[in-house]
Amino acid sequence: MVSEDVLRTHLQELRRGTVVVASLVALRRPNYGYALLQRLTDHGFPVDANTLYPLLRRLEDQGLLTSEWNTEESRPRKFYRTSDEGESMLSRLLDDLAAVQTSITGLIQGVDR
């Protein structure tokens with residue numbers, strides 16, 4: 001029987017890369033960090049805030065996200081959105097993700113290449 005700790009570790013590794021893809025998809029519509037956390041969790045991508053906020057900054061530094069401050073509300077919030085470069089990257093990542101899924105499916109079904 002596999003321990004819960006080992007399972008949790010492997011699930012975390014599996015989801016680590018998919019959080020980038022999920023964030024780029026979710027941020028096609030502008031959103032701020034906490035709302036993104038909630039949206040990702042609601043769609044099966046639970047992410048810790050200590051993981052998400054550095055990821056958002058890194059994606060912004062890489063030009064994959066843009067951001068702007070909304071100061072119209074009582075509390076200013078930084079809204080992120082997938083940039084044109086982010087859309088291009090997302091397209092390539094989704095293609096690769098589909099290829100990985102096809103490969104895994106082939107392995108499961110015993111299909112030889």
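In the predicted model, L52 touches S23, G33, L36, L37, L40 and V47 when residues up to four places away in sequence are not counted. L52 also belongs to the largest nonpolar core, which holds 19 residues. Within this core, L36, L40, L52, L56 and L65 touch the most other members. Two or more residues are contributed by each of the helices α1 (4–26), α2 (33–42) and α3 (49–61). The largest share, 6 residues, is drawn from α1.

For α2 and α3, the axes come within 10 Å and cross at roughly 120 degrees. Because of this angle, α2 is classed as oblique to α3. The crossing of these two helices is right-handed. On the α2 side the contact is formed by G33, Y34, L36, L37 and L40, and on the α3 side by A49, L52, Y53 and L56. When the residues of this contact are sorted by class, 8 are nonpolar and 1 is polar, and no charged residues take part.

The helices α1 and α3 pack at an angle of about 70 degrees, and their axes lie 11 Å apart. This angle makes α1 roughly perpendicular to α3. The contact of α1 with α3 comprises 5 nonpolar residues, 1 polar residue and 1 charged residue.

Between α1 and α2, the axes come within 11 Å and cross at roughly 115 degrees. The two helices are therefore roughly perpendicular to each other. The crossing in which α1 passes α2 is right-handed. In this contact A22, S23 and A26 of α1 meet L36, R39 and L40 of α2. The class division of the contact of α1 with α2 is 4 nonpolar, 1 polar and 1 charged.

With neighbours within four places in sequence left aside, the residues in contact with S23 are L36, L40, L52, L55 and T82. Of these partners, L36, L40 and L52 are among the core residues that touch the most other members.

N31 lies in strand β1, which spans residues 31–32. With a relative accessibility of 17%, N31 counts as buried. Apart from its neighbours within four places in sequence, N31 is in contact with L36, K78, F79 and Y80. L36 is also a contact partner of S23 and of L52. The partners K78, F79 and Y80 fall in strand β3, which covers residues 77–82.

R77 is likewise located in strand β3. At 24% relative accessibility, R77 counts as partly exposed, a class that lies between the limits of 20% and 50%. Neighbours within four places in sequence being excluded, R77 is in contact with Y32, E68, W69 and N70. Y32 belongs to strand β1 (residues 31–32). R77 and G33 are 44 residues apart in sequence, and the C-alpha to C-alpha separation in space is 8.5 Å. G33 is in turn one of the α2 residues that make the contact with α3, and G33 is touched by L52.

Methods. Residues are numbered from 1 along each chain as its sequence is written. This is a predicted model: local features need pLDDT of at least 70, side-chain atom pairs count only at pLDDT 80 or more; totals for chains, interfaces and linings use all residues. Side-chain values use heavy atoms; hydrogens and water are left out. A nonpolar core is a set of buried Ala, Val, Leu, Ile, Met, Phe, Trp, Tyr and Cys residues joined through side-chain atoms within 4.5 Å. Buried means under 20% relative accessible area, exposed over 50%, partly exposed in between (1.4 Å probe, protein chains only). Helices (H or I, at least four residues) and strands (E, at least two) are DSSP runs, numbered from the N terminus. Contact means heavy atoms within 4.5 Å. Axes are lines fitted to C-alpha atoms, for helices over the stretch in contact, and angles run from 0 to 180 degrees between N-to-C directions. Angles under 35 degrees count as roughly parallel, over 145 as roughly antiparallel, 65 to 115 as roughly perpendicular and the rest as oblique. A crossing is left-handed if the near helix is turned anticlockwise from the far one by less than a right angle, and right-handed if clockwise. Ala, Val, Leu, Ile, Met, Phe, Trp, Tyr, Cys and Pro count as nonpolar, Asp, Glu, Lys and Arg as charged, and the others, Gly among them, as polar.
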